[in-house]
Structures are given as structure tokens and as C-alpha cells.
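This report describes selected features of the structure shown below.

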Amino acid sequence: MPALSILIWLPAACGLLGALLPARLSKDGRERVPGALALFGSLVALALAIGYIADYKAAGPHLQHVTDVVWIAELGIHYKLAITGLNVFLIGLTTLLFAVATLATNLRSGSPPPERPRLFYFHFMLAESAVLGAFAAQDLALFVAFFDLMLIPFYFLTGGWGREPARVKATIKLVIYTLVGSLLMLAAAIATGVLAAQRGGGHITFVLSSLQALPLSTGSQEWIFLFFAAAFLVKMPAFPLHGWMPDGYRAMPIEVLMVFSGILSKVGAYGFLAIVLPLFPRAAAHFQTLMLLIGLASIIYGSLQAFSQRDARLIAGYSSVAQLGFITLGIFALNSQGAQGALLQMVNHGLVVAPLLFIVGLLAQRAGGSEDIRDMGGIAFRAPVLASMFLIVALATLAMPGSSNFVGEFLILLGVFKAKLVIAIIAFSGVVMASVYALRLFIGAMHDRVGKGVHSREISLRDGAVLTPVIAVILFLALYPQLALHRSEASVKSAVVRAEVNARVGSLAAVGSATPISLASARPPDVANPPTNCRRAGTHVVCSYESRLK
Amino acid sequence: MTFVMTPLATAHLKGPHVDFAGLSPLIALLGGATLALLVGLLGSRWIRAQVVPALSLAALGAALGLTIWQWNAQKSIVSGALRIDDLSLALNLILIAGGACTVLLAWRSLAAREAAHGEFHALLLTSIAGMSILASAENTVALFIGLELLSIPLYVLCATEMRREHSLESGLKYLIVGSVGSATLLYGLAMIYGATGATDFGAIASSLSHASLATDPLTLTGIALCVAGLCFKASVAPFHQWTPDVYEGAPTPVTAFMAVTTKVAALGVFLRFFDVALIDAHGSWGPAVAVLATITILVGNVGALGQSSLKRMLAYSSVGQAGYMLAGVVVATQLGVAATTFYLIVYLFMNMASFAVIVARERETGLGDGIDAVAGLGRERPWLAWPMTISMLALAGIPATAGFIGKFYLIDAAVSGGYTWLGVAIVIGSMISLGYYLPVIAAMWMRESPAGETPADRTPPPMGPPGPAPGALPVLAGGSPELDAEPSHGLQPEVVLVAVLAGAATIFFGIVPQPLFDLVHQAGGVFGLF
């Protein structure tokens with residue numbers, strides 16, 4: 001396989017090339033070259049990502065296809081990229097959704113193609129590169145840099161090509177909310193590197209694998225955890241920090257919203273799994289209950305809001321809040337089932353929300369331009385194929401047994417069941433509520449009485465070409481979710497194991513006074529076998545591993 | 001009388017040790033100033049308008065060459081009054097670059113014409129020479145000489161658009177406030193002399209440590225007054241009140257000059273004075289300056305919110321940036337010195353890019369420096385819009401720009417030096433700053449350009465007493481419409497060149513910052529700090 005940097009930077013290079021080439025108008029007076037170049041770049045990236053997924057060895061080393069170059073020696077920042085079990089499917093999801101969205105903008109049938117296409121595709125492709133870089137980064141400073149960078153193209157896309165009214169205001173709100181969290185994360189990340197170096201006695205470094213070997217003191221871990229959590233929770237968005245979502249979702253163009261909702265929220269969840277849990281396990285265990293409650297609140301609030309919204313986009317938006325709440329629950333169950341379920345759900349949610357939003361756009365075209373579900377209704381009448389596709393997506397959203405979402409939610413709830421029983425029971429209601437809002441949207445739009453101003457027509461070939469790949473992947477994963485689960489198993493376990501130990505020790509400590517184990521000073525855990533047997537022995541806690549001594 | 005004559009006959013005068021090689025950049029600058037002044041007296045208008053600025057550039061180029069010639073020298077020149085080392089050479093480079101950008105921006109400006117090119121450029125070069133002295137001063141007297149030599153030409157330069165009320169007001173305000181600052185500093189220096197008995201930084205440092213004067217009330221009062229005086233110059237809150245009015249009123253090339261190079265000189269002397277002379281009193285001044293830095297960050301960033309004049313906004317933003325850079329001074333470590341120097345270099349690029357765009361738009365449209373002047377720039381003038389966008393994103397600290405790396409370095413220095421809360425304050429300042437940088441970008445890319453301000457549509461305003469006359473264009477937001485007797489036709493290449501080069505440098509060093517790191521690493525090690 002070629003170097004990972006090619007996958008990361010190819011989209012941006014194509015976008016830049018498209019922006020710099022002299023303008024050449026096609027027959028209908030529009031510039032087609034930037035869009036075609038962008039499509040080419042995203043399709044090649046997709047092919048490369050599929051290659052990496054196929055090439056990933058589940059039993060191989062933790063980091064595969066590593067690129068490691070010193071970027072800034074003075075600050076210990078490395079340009080380090082790698083494929084791990086955690087990011088290989090998310091990278092695949094990113095390239096798929098961007099390819100589909102680029103196809104959608106190129107093939108726009110119901111509305112004119114984007115104005116100033118050179119700038120549009122430049123920003124779009126830059127966004128893809130930044131997101132891919134954030135997933136692949138194995139250096140904390142590099143991750144933070146990509147995380148902050150990936151928002152800026154969306155700022156331009158929403159502000160420049162968004163829908164009135166108030167697109168500029170919505171954009172500024174969106175960016176400020178997100179960057180406030182991101183900047184807190186920057187301070188926390190720098191503190192992590194400095195404090196780790198001070199404790200470890202060596203030169204400062206931000207490489208994740210080195211930082212994992214230099215754990216911080218509990219007090220430092222706690223405030224740093226909170227700053228990281230702030231950044232990721234805003235991104236997802238989780239219940240208290242979701243204020244930017246309604247205006248932002250209303251303002252973005254549909255294709256931009258497809259990738260924004262499908263992928264950017266996952267970077268936050270991925271950050272928890274890949275960075276926060278391995279680096280700050282004690283803090284993760286300490287704040288476990290708080291984070292589970294936030295996840296639960298997101299589920300309940302998101303679902304309740306999704307029931308009562310009239311704007312179809314916002315139904316999708318609030319349902320995303322609820323789904324990401326489930327993902328948060330899975331991550332902070334702090335065991336491998338929950339985390340595996342969360343990772344699978346990340347992929348599933350992205351696969352489901354992007355076509356859902358695209359279909360909302362198609363529905364609006366058939367309902368006289370309005371995205372209000374009161375104006376829709378009976379659209380299935382002349383559009384059986386569209387209705388079938390929408391049904392598949394809607395059933396996947398509500399995690400119908402048989403879909404991959406069901407597997408993901410099942411694993412998450414299983415994990416939370418083991419961790420905190422009460423929260424799991426309340427979270428089950430989220431499953432029920434999901435079916436209510438998903439079916440409400442489907443039935444309200446496709447069946448029921450035909451709305452005023454509705455002119456139903458079948459899905460066009462162009463729109464079908466956009467939807468088919470994603471629905472095919474949804475169906476594939478529904479039949480074979482084991483693909484994603486099997487390959488990510490080892491990475492997920494190693495990401496979660498320290499926090500898991502700390503959480504179990506913490507719950508034992510509630511019984512008596514005990515000292516939490518510092519894993520860095522102990523023998524490195526056998527990642528395939530997390531400790532299963534912890535008991536109190538005097539003032540210490542002893543855990544046993546089913547390890548094979550070599 | 002023979003017995004008196006003999007000692008006189010045998011005694012020979014021992015002059016001060018003057019290392020002319022080390023002094024050569026300064027001589028180049030001052031010589032260039034004199035030459036510019038003299039050439040500016042010649043009769044031909046062409047010579048005054050073209051040859052004099054070219055001469056300034058040549059003088060700056062000579063100073064640059066001589067600075068590079070002196071590279072890796074570590075010595076005292078002029079018998080211990082000035083010190084050439086990696087830090088002063090690095091700061092010299094920044095000052096020369098800033099001066100060159102200013103000469104390019106002022107080439108066709110109204111200010112240079114009204115003030116007579118010879119005088120304008122002579123004052124500019126003299127000010128740069130003063131800054132250079134300040135950055136290498138090793139003696140409190142040399143410090144004061146440098147400060148005055150830098151300030152007094154600036155007072156005059158601010159007032160060079162003599163027929164515009166705001167310019168004169170700006171010059172007068174700067175004169176009064178600057179003099180108060182200088183007087184405060186001088187009083188503080190005198191007290192330190194009284195306490196330690198020395199004017200040389202090294203002697204002050206040993207005096208403080210040997211005689212344990214670090215907590216002596218006289219010393220502390222002296223240090224406090226010195227901090228106040230230097231904070232005036234560096235526009236650190238609460239001594240920053242003059243900055244918005246003076247920056248807004250002055251001609252824009254002069255504002256650009258002040259915003260960048262004065263900070264370089266002031267922070268350079270902060271570094272040298274506090275990390276060499278007063279290092280033993282670090283326990284006293286460290287926390288105090290840290291609190292000042294935090295207040296500056298907050299005041300500067302909050303003050304910039306909602307400003308409609310871009311120059312005023314950049315003035316407040318520069319106050320905030322001075323606060324960030326003080327964090328590197330506070331920690332008094334090698335990392336702190338290196339981080340501050342790095343940020344000063346990056347600060348030069350970021351600010352010059354935005355000021356160049358403001359100058360270009362002022363000359364093109366009649367909207368002064370209001371935010372409406374840059375509306376719709378993305379479509380109309382991408383060569384100006386991109387440098388401005390890069391500059392705003394870099395000032396906010398967005399990755400892929402050198403501003404991100406600079407902030408990273410400063411926060412790293414703050415956390416390593418034990419001032420983690422100061423690192424968080426820097427981050428909070430960045431958050432607030434998004435609120436005023438993003439609207440500028442939004443105006444350029446997401447709004448339509450204001451109609452009907454091409455030069456052909458405008459009537460030149462009557463050159464007369466200030467105040468709106470019928471048919472004249474309104475003076476918006478206190479800006480300086482650089483309307484000339486000869487209206488500019490389109491963009492001026494030298495201004496666009498400054499904008500594009502500065503913007504490109506910001507992106508380049510954001511992706512490949514290693515050359516700058518190598519440069520400042522040497523500078524950081526000069527004081528022998530931890």
C-alpha cells in the first residue's frame with residue numbers, strides 16, 4: 001500500500017489544483033473542471049481507504065502503515081500517521097461519505113450547482129484532508145492541529161454557500177462554539193506533553209504511544225480530561241453543549257451537512273476512544289458517571305426534541321444528538337463490549353445520517369421546496385424506489401433488528417448494563433424513542449395524506465447514483481457486521497483496558513480503602529485479556545490476568 | 001608649574017572601547033537617515049518621491065548585510081553599553097524587515113508627501129536605529145537613549161498627515177503619554193541606580209544577588225516604575241489607553257510600523273532587562289507581570305470586539321498579542337525567551353499582511369479603514385483577500401498558520417515555567433479574539449462589496465481646514481482616507497507585494513517552521529537561563 005500521506009493529502013491537492021487551473025467553461029456555461037477533479041480525488045481516496053481496510057491485519061501490530069517524521073524537534077511534535085483498528089473503518093467512512101457528497105454536488109438535479117465552484121471544491125476537499133488527518137494522526141499536537149483546522153473549511157462553506165436566512169450568524173455561532181472547546185483542548189494537550197515530560201524526565205514529546213507510557217498525576221488528569229471532554233462534547237454535540245446545532249444545521253447546504261453530520265461528530269467520539277481513555281484512564285474512571293449521565297441526557301433530550309420538530313433537517317439533527325448519546329454511553333461503559341459497540345455505531349450512524357439528509361433534500365424538492373414535514377406527505381405515491389430506499393435508511397436509524405445499528409446498540413447497552421445498571425435501563429427507552437421519531441418522519445413524509453404543493457416523482461438516476469453506494473454498504477454491514485467488529489477488537493480492547501481497570505478498582509475501592517494500580521509501573525497488561533479477577537488484599541487490590549507467560 | 005604638567009604630559013586619554021564592526025548596522029541606519037534627509041532637500045520632485053525611499057531601502061539592506069556579517073558574534077560594543085548576541089541580531093532582523101515593509105507601504109502615501117519624503121524617511125530610519133539600540137542595550141543609560149531615539153521620531157511620524165485632525169491628535173496624544181511613560185521609566189531606572197549603584201545590567205544583577213537587594217523597597221519601587229514605563233511602550237494594560245486612538249489616527253503605514261516594530265523593541269528590552277539585570281528579583285516581578293499579562297490579554301481581546309474601524313481593532317488586537325508575548329517574559333526561561341522571539345517574528349508577518357491590505361483598500365476606496373472597505377474582497381481582489389484571511393486566521397491561532405505554532409510555543413513555555421494558568425489565559429484570549437477576526441473574514445468572503453466606490457466616481461475632497469465640507473466624502477470611523485491629489489489607478493504593486501509575501505510567509509512557516517526554530521533557539525540561549 002502507498003504511504004498514508006497520499007491518502008490524507010490527495011483530496012486537498014485535487015482541490016487546490018482545481019482552484020488554480022485557469023477557468024474553462026463547459027457547454028452550459030459552468031465550470032465543471034473543479035468538481036470533476038474533486039470527484040476524482042475523493043474516489044481515489046475511497047479506493048485507497050478500501051485497500052487499507054482490506055489490508056488491515058487484525059492480529060498484526062497495533063499501528064500499521066506508519067509514517068513517522070519529526071516535524072518540530074524543539075516541541076517534540078512528530079508528523080506521525082498510522083492505521084489502527086480504531087480509525088481504519090472511520091477513514092473508510094470519511095472517504096465514502098465525501099465521495100458520495102462530491103458526487104451529489106456534481107450531479108445536482110433539482111437545484112443549480114454551487115456557485116464559484118473552484119473555491120467551493122477547494123474548501124470541500126481541504127475539509128476531507130483535515131478530517132482524514134485527524135483520524136490518522138498518532139501525535140497529540142498533530143491531532144489537535146487537524147481538529148482545529150477541519151472546522152475552517154466548513155466555516156467558509158456554510159457562510160459562503162449556505163442557505164439564508166442568517167447563514168453568516170449561524171456560521172459564526174457554530175465556529176465559536178466549536179473553537180472554544182478546541183482551544184481548551186489545545187491548552188490541555190500542551191499541558192499533557194509538558195507535564196508528562198517533567199514527570200518522565202525526558203525531552204518533551206507529543207507522540208501518543210510515548211505519552212501512554214508516561215501517565216500524569218490524578219489531579220492533572222482530571223482537569224485535562226475536562227478540557228478534552230469540552231472539545232469533544234461540543235463536536236458531537238452532546239446535550240448541554242449542542243446550542244450551535246439547530247442554526248448550523250439549518251444554514252448548511254445539504255451535501256455539506258451530509259459530511260458534517262456524518263463524520264465530524266465522529267471525530268469527537270474517536271478522540272475519546274483513541275486519546276482520552278488511553279492517556280487519562282484515572283480521570284475517565286473518575287468522571288465515568290458524569291459522562292454516562294451526559295450521554296443519557298443527550299439520548300433523552302435528543303429523542304424528545306426529535307419527536308416535536310417540524311423541520312425535517314432538525315429531526316435528523318436531534319436524532320444525531322441522541323445517537324451520539326448512545327455512542328458516549330458505549331465509550332464510557334469502560335469495557336470492551338461497550339467500546340466495540342460505540343465504534344460500530346460510529347460507522348453505522350455516519351452511514352445512516354448522510355443518506356437521511358440527502359433524502360430530506362429530495363423530499364423538499366418534491367414538496368415545493370419546504371423542509372417542513374407538515375408540507376410533506378404522500379410522497380411515496382409515485383416514488384416506490386425512493387420510498388424503499390428511505391425505508392431502509394429509516395429502519396436502520398431506529399436500529400431495527402437485522403441492521404448493523406441493532407448490533408451496535410445491543411453491544412453498547414450490554415456494556416452499560418455491566419457498568420451501571422440503572423443508566424442502562426433508562427437508556428433502553430432511547431431505543432423505543434428512536435423508533436418513534438424515525439417512523440414519524442418516514443410516515444409523515446411518505447404516507448399519510450398528500451400534502452398541499454406536493455408533486456411526487458420517482459427518484460432520478462442521478463440521485464439514485466448518489467444513494468445506492470451508501471445503502472449498499474448499510475445492507476452489507478447489516479449482513480456482516482463482524483467485519484468491523486473483528487478487525488477493531490484488539491485496538492478497542494487496548495484503548496479501554498487501563499480505564500477499565502481503574503473503573504473496576506474504583507468500584508472496589510468504594511467498599512474499602514485501596515490504592516489504584518498504576519499500570520505504568522506494573523507489567524504491561526496483556527491486551528487480549530483484560531483483568532477479570534480483582535480482589536482486595538489488605539490495603540492493596542490485586543488483579544490477576546489470564547496471561548500466557550512467554 | 002612643571003610638577004603639574006608632568007602627570008598631564010604622561011597621562012594619555014583612554015577612550016571608550018568602540019567595536020565599529022559590531023556597531024556597523026547602527027551606523028548604516030543612522031548614515032542612511034542623514035543621507036535621506038540631505039537628498040530630500042534636492043529640488044527635483046522625482047528624486048524626492050523615488051530616490052529617497054530607494055535610499056532608505058538601500059540603508060536597510062546595508063544594515064541587513066552588516067547584521068548577517070556580525071552573525072555568531074557575542075560581544076559588548078561601545079564599552080559595555082550595547083551587546084551584540086544572537087538575540088539582538090535576531091531582533092535586528094525583525095526590525096529591518098518591518099522597516100522595509102513600512103518603506104514599501106509608505107512609498108506613495110500621503111503622509112510621506114506631506115511631511116517631505118526626506119524628513120519622513122530620515123525619521124523612520126532614526127526610529128529603527130533607536131529600536132536597534134534598545135534591543136541590544138546592556139546599560140540603563142543606553143536603554144533610555146534607545147527609548148527616546150525610537151519614540152521622538154514616532155511622535156512626529158504619527159502627525160505627518162498634517163491636514164487631518166486625527167493625525168495631529170494622534171501625534172500629540174502619543175507625545176504626551178509617551179513622555180509620561182519615558183519619565184516613569186527614567187525615575188525607575190534612577191531608583192535602581194540608587195539601590196544598586198550600577199547602570200550596567202550585569203553589575204545590577206550581581207549587586208542584587210550579592211547584597212540581597214531583591215526585596216529592598218527602593219529596588220522594588222524602581223522595578224515597579226520600570227515595569228510601568230516599559231508597559232507604556234509595549235501597550236500593556238492598564239497602560240495601553242493611548243494605543244487605540246494613536247493607532248487609529250496615525251497614517252496607516254506608520255501604524256503598521258508602530259504596531260510591529262515598537263513591540264519588538266519593547267519586548268526585546270523587557271527580555272534583556274528583566275532576564276539579565278533583574279533576574280534575582282524574579283520572585284517579586286514574576287507574578288506581578290503575569291497578572292498584568294492576563295489583564296492585558298482580557299482587555300485587549302474584549303476591547304476589539306465590535307470595532308468597526310479595522311485599525312482600531314488591530315490596535316486592541318496588538319494589545320492582546322503583547323499580553324501573549326509577556327507570558328514568555330514572565331517565565332524567565334530559555335524556552336520563554338525563544339518563544340517570545342518566535343512570536344515576534346510571526347507577529348511581523350501577520351500584522352504586515354493585514355496592514356498592507358488596509359493600506360491598499362484605503363487608497364482604492366473612499367471608505368477609510370472601516371470593515372466595509374474590505375467587504376466582498378474575495379470576489380473582487382483575491383490577491384488582497386487571501387493575505388488578509390491568512391493574517392486573521394493566524395492572529396486567531398488556527399493551525400496551518402505560523403500563528404498556531406507561535407501560540408503553541410508560548411503556551412508550552414508558560415506551562416513549562418510553572419504558569420499553567422497563564423497558558424489557559426492565552427487560550428481564553430484566543431477564543432475571544434475569534435469574535436472579531438471572523439467577522440472580517442465573513443465580510444470579505446460572504447458579503448457583497450459596497451457599490452460605487454471606484455476612483456472614477458469619487459470627487460477629490462477639498463484640501464482645507466478639517467471638518468466635513470459639502471460634497472466631500474465622510475471620514476468614516478476615524479479612518480484616514482488616503483485620497484491623493486493623484487487618485488490611484490487600481491492596486492499598487494509594492495503594497496500587494498508586501499501583503500502577498502507576508503501572507504505566504506505566514507503559511508510557509510506554519511507548515512515548515514524549522515528555520516525559525518533554529519533561529520530562535522540560539523537567541524533563547526544567550527542569557528544562560530534554565
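Is A:Val436 buried, partly exposed or exposed? A:Val436 counts as partly exposed, at 41% relative accessibility; buried means under 20% relative accessible area, exposed over 50%, and partly exposed in between, with a 1.4 Å probe and protein chains only. This residue belongs to helix H18 (residues 421-446) of chain A, where helices (H or I, at least four residues) and strands (E, at least two) are DSSP runs numbered from the N terminus. The C-alpha atoms of A:Val436 and A:Leu304 are separated by 9.7 Å, and the two residues are 132 residues apart along the chain.

The model is predicted, so local features need pLDDT of at least 70 and side-chain atom pairs count only at pLDDT 80 or more, while totals for chains, interfaces and linings use all residues. Residues are numbered from 1 along each chain as its sequence is written, chains are lettered from A and ligands numbered from 1 in the order in which they are written, and side-chain values use heavy atoms, with hydrogens and water left out.

**Pockets**

The largest pocket holds about 1600 Å³ of space. On a 1 Å grid over the protein atoms alone, a pocket is an open set of points where a 1.4 Å probe fits, with protein on both sides within 12 Å along at least five of seven lines, and lining residues have an atom within 4 Å of a point. Grid points are joined across faces, edges and corners, and a volume is the space filled by probe spheres set on the points.

The largest pocket is lined by 45 residues, of which A:Leu16, A:Phe122, B:Trp386, B:Ile390 and B:Ile507 are the closest to its centre. Both chains contribute to this lining: among the elements that each supply at least two residues are helix H1 (4-20) and helix H4 (117-136) of chain A, and helix H17 (382-396) and helix H20 (493-511) of chain B. The lining comprises 34 nonpolar, six polar and five charged residues. In this classification, Ala, Val, Leu, Ile, Met, Phe, Trp, Tyr, Cys and Pro count as nonpolar, Asp, Glu, Lys and Arg as charged, and the others, Gly among them, as polar.

The second largest pocket has about 750 Å³ of space. Its lining has 33 residues, and those closest to the centre are A:Arg108, A:Ser111, A:Pro112, A:Arg163 and A:Pro253. The largest share, five residues, is that of H15(A). By class, the lining of the second largest pocket has 13 nonpolar, eight polar and twelve charged residues.

**A helix pair in chain B**

Helix H12 (residues 252-277) and helix H15 (residues 334-364) of chain B have axes that come within 8 Å and cross at roughly 170 degrees. Axes are lines fitted to C-alpha atoms, for helices over the stretch in contact, and angles run from 0 to 180 degrees between N-to-C directions. H12(B) and H15(B) are therefore roughly antiparallel, a term for angles over 145 degrees. Their contact has 15 nonpolar, five polar and four charged residues.

**Backbone features**

| Peptide bond | Omega |
|---|---|
| A:Met236 to A:Pro237 | near -20 degrees |
| B:Ala237 to B:Pro238 | about -5 degrees |

A:Pro237 is in the loop between helix H9 (218-235) and helix H10 (245-251) of chain A. B:Pro238 is in the loop between helix H10 (217-234) and helix H11 (242-249) of chain B.

A:Arg116, a residue other than glycine, has a positive phi, near 45 degrees. A:Arg116 is partly exposed, with a relative accessible area of 23%. B:Asn72, likewise not glycine, has a positive phi near 70 degrees; B:Asn72 counts as exposed, at 55% relative accessibility.

**Cysteines**

B:Cys101 is buried, with a relative accessible area of 18%. The sulfur of B:Cys226 is 11 Å from the closest cysteine sulfur, in B:Cys231, which is too far for a bond. B:Cys226 is also buried, with a relative accessible area of 0%.

Definitions and conventions
A disulfide is a pair of cysteine sulfur atoms within 2.5 Å. Angles under 35 degrees count as roughly parallel, over 145 as roughly antiparallel, 65 to 115 as roughly perpendicular and the rest as oblique.
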